[in-house]
Amino acid sequence: MQLPATDQNHDVVIEIGGFPIEVQTTDAEFERILMGRYRDYVRPGTASQFALRVEIMDPDRFDPDADAEVWLEDREWRMERGDFRARFSPEERRGQIFQSANPYSIDSVLRIVHTLMLAPEGGFLLHASSAVRNGKAFLFSGVSEAGKTTMARLAPPDVALLTDEASYVRKVDGRYFAYGTPFAGEFGEPGKNISAPIETLFLLNKAGENRIEEIDPAIAVQRLLRNILFFAHEPSIVRQVFEAAVAFVAEVPVRQLSFFPDRRVWELIG
Amino acid sequence: MAATDIYLTQSNDVAARTIGDDTLIMSTLDSTIFMLNSVGSAIWNSADGSTPLSRIVHEHLCEEFEVGEEEAFADAKEFVDQLATHGILLVSETPAAPKEIQ
């Protein structure tokens, strides 16, 4: 008698920011993709707090031109873009992703899910590079071409890079910490999987000299809000993000860093 | 004094915080951000649904900045209309009913 084939689990636990998520798949090739892309963030044997089941689909099932959307429906977050559809329940701590076997879709879903998990705690993902020096984390935020990746490239050897693109800010026991992430930008490399208390958030401005200046707190909150990554324009989460930005600026120094793009700028940091 | 007075109420579809002399407002509908200076903050903070704009202008603009009431009212009305267009402020020709006041 021939027994029916059973799908073997090829589950991978990926821990970012202290949130271990079990990505469940029966596709061995997709497991290899995950192990390669998230290698320093894979935690075999770690008990997960959340689970995402990935169903691998034919790429022709998706609309390549569709824009990304995130919305709340029946107490569950729904996510859609041209290359994936996903759902995530914060209450049940599980979700499902329909995508083709590629690393970019899961990467986007993970970013979205992490923003949804961080917001209720006062944390967020930020368009910023970040690094650790002397046990303290420094964030460098700005829009495209502001210098985030430049600051990462100019960092001296004693600086550990957390990310050059999407900084992970989490409030733990009343203090703000920055965590390394695998979310790489132009730098092309995942950040170190470490964390440190945030010393300063720098808002970047390329200039002819290196200078640190104070910023009016209201302007600091405004500029921070413009750089926080959040994908769901749903009232409850918008309020959480707003309050998170206000609380962050009240507790963490925010300064404008005008800099000339060479290594001397790091003499001002740390 | 303007011929037709109006009453202002802060929309519920916003997150707002006064920081120093300024007020930061974020629409929860489309995430648009507004920054109000001290004058705008005074108008925003007085938007309780029962205080007419003429009184807000008299108490917070005319006396503080020594400007004429008609000119100040016209400027304030223009500002209010901008915020109303974005759904930040609700404008009415009658005071809000007491149960509607937050």
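1. Starting with the overall layout, the C-alpha centres of domain 1 and domain 2 of chain A sit 25 Å apart. The bounds are 12–120 for domain 1 of chain A and 124–268 for domain 2 of chain A, and such bounds come from an automatic or database domain assignment. Bear in mind that this is a predicted model, with local features needing pLDDT of at least 70, side-chain atom pairs counting only at pLDDT 80 or more, and totals for chains, interfaces and linings using all residues. As for labels, residues are numbered from 1 along each chain as its sequence is written, while chains are lettered from A and ligands numbered from 1 in the order in which they are written.

2. How many residues are in contact between the two domains of chain A? On the domain 1 side there are 19, and they meet 20 residues of domain 2 of chain A (contact: C-beta atoms, placed from the backbone, within 7 Å). Strand S4 (69–73) and helix H2 (103–118) of chain A each give at least two residues to the domain 1 side; helices (H or I, at least four residues) and strands (E, at least two) are DSSP runs, numbered from the N terminus. H2(A) supplies the largest share of that side, with 5 residues. By class, the domain 1 side that touches domain 2 of chain A has 12 nonpolar, 4 polar and 3 charged residues. Here Ala, Val, Leu, Ile, Met, Phe, Trp, Tyr, Cys and Pro count as nonpolar, Asp, Glu, Lys and Arg as charged, and the others, Gly among them, as polar.

3. Strands S1 (residues 12–16) and S2 (residues 19–24) of chain A run antiparallel, joined by 5 bridges; strands pair if DSSP finds at least two bridges between them. Val12(A) has Val23(A) in S2(A) as its bridge partner. The S1(A)–S2(A) hairpin has 2 residues between the strands, and Gly17(A) takes a positive phi near 65 degrees there. S2(A) also runs parallel to strand S3 (residues 50–56) of chain A, with 4 bridges, and Ile21(A) stands opposite Phe50(A) in S3(A).

4. Have a look at Gly95(A), which is in strand S7 (residues 94–99) of chain A. Is Gly95(A) buried or exposed? Gly95(A) counts as buried because it has 23 C-beta neighbours inside 10 Å (buried: 20 or more other C-beta atoms within 10 Å of its own; exposed: 12 or fewer; partly exposed: in between; C-beta atoms placed from the backbone). Leaving aside residues up to four places away in sequence, Gly95(A) touches Leu52(A), Ala86(A), Arg87(A), Phe88(A), Ser89(A) and Val113(A).

5. S9(A) pairs with strand S8 (residues 124–133) of chain A in the antiparallel sense over 6 bridges, and Ala131(A) has Phe138(A) in S9(A) as its bridge partner. The hairpin of S8(A) and S9(A) has 2 residues between the strands, with Asn134(A) at a positive phi near 55 degrees. S9(A) pairs with strand S13 (residues 195–206) of chain A too, in the parallel sense over 5 bridges; Phe202(A) in S13(A) is the bridge partner of Phe140(A).

6. Last, the chain interface: 13 residues of chain A are in contact with 13 residues of chain B. Helix H4 (217–227) and helix H5 (235–251) of chain A are the elements that give two or more residues to the chain A side. The largest share of that side, 6 residues, comes from H5(A). The residues on the chain A side divide into 8 nonpolar, 2 polar and 3 charged.
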